Amino acid sequence: MPIYHYESIDGEKGCDYCKKSFQTTQSINDAKLDTCPQCGSKIRRIICAPALGHSKTDLHYRAKRAGFKCMKKVQKGEYETIY
Ligand SMILES: [Zn+2]
């Protein structure tokens, strides 16, 4: 099941839950969330995908990149890696 990260679009209006960003597990078929389940503020989805090592022998690089790579949609078709 993919993990989705969401964050409040308007950080000032969000609650503690969505102000920073939160993670939720959803099936691919689930509709994406538009509002925070806690306070109803508008939220947007940050796309996260398992990071893939570029080289099988570069263990240090792979360790550093272990886990997830998260991207924020900057504009249509353009994503910014945030961590
Ligand atoms: Zn909230």
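Is Ser-8 buried or exposed? In this predicted model, local features require pLDDT of at least 70 and side-chain atom pairs count only at pLDDT 80 or more, whereas totals for chains, interfaces and linings use all residues. Residues are numbered from 1 along each chain as its sequence is written, and side-chain values use heavy atoms, with hydrogens and water left out.

Ser-8 counts as buried because its relative accessibility is 5% (buried, under 20% relative accessible area; exposed, over 50%; partly exposed, in between; 1.4 Å probe, protein chains only). The residue belongs to strand E1, residues 3-8 (helices, H or I, of at least four residues and strands, E, of at least two are DSSP runs numbered from the N terminus). With residues up to four places away in sequence not counted, Ser-8 touches Gly-14, Cys-18, Lys-19, Lys-42 and Ile-43 (contact, heavy atoms within 4.5 Å).

Cys-18, one of the residues touched by Ser-8, is also a zinc donor. The protein donors of the zinc ion are the SG atoms of Cys-15, Cys-18, Cys-36 and Cys-39, at 2.2 to 2.4 Å (donors, N, O and S atoms within 2.8 Å of the metal, or 3.2 Å for Na, K and Ca; water is not among the atoms, so sites may look incomplete). The arrangement is tetrahedral because the four donor atoms subtend angles of 105 to 113 degrees (four donors, all angles between 85 and 135 degrees). The donor residues follow the spacing C-x2-C-x17-C-x2-C. Distant parts of the chain are linked by Cys-18 in helix H1 (residues 16-20) and Cys-36 in the loop between strand E2 (22-25) and strand E3 (43-50), 18 residues apart. Cys-18 counts as buried at 0% relative accessibility, and Cys-36 counts as buried at 3%.

Key: Four donors count as tetrahedral if all angles lie between 85 and 135 degrees; four count as square planar and six as octahedral if opposite donors are over 155 degrees apart and all others between 65 and 115; anything else is irregular.
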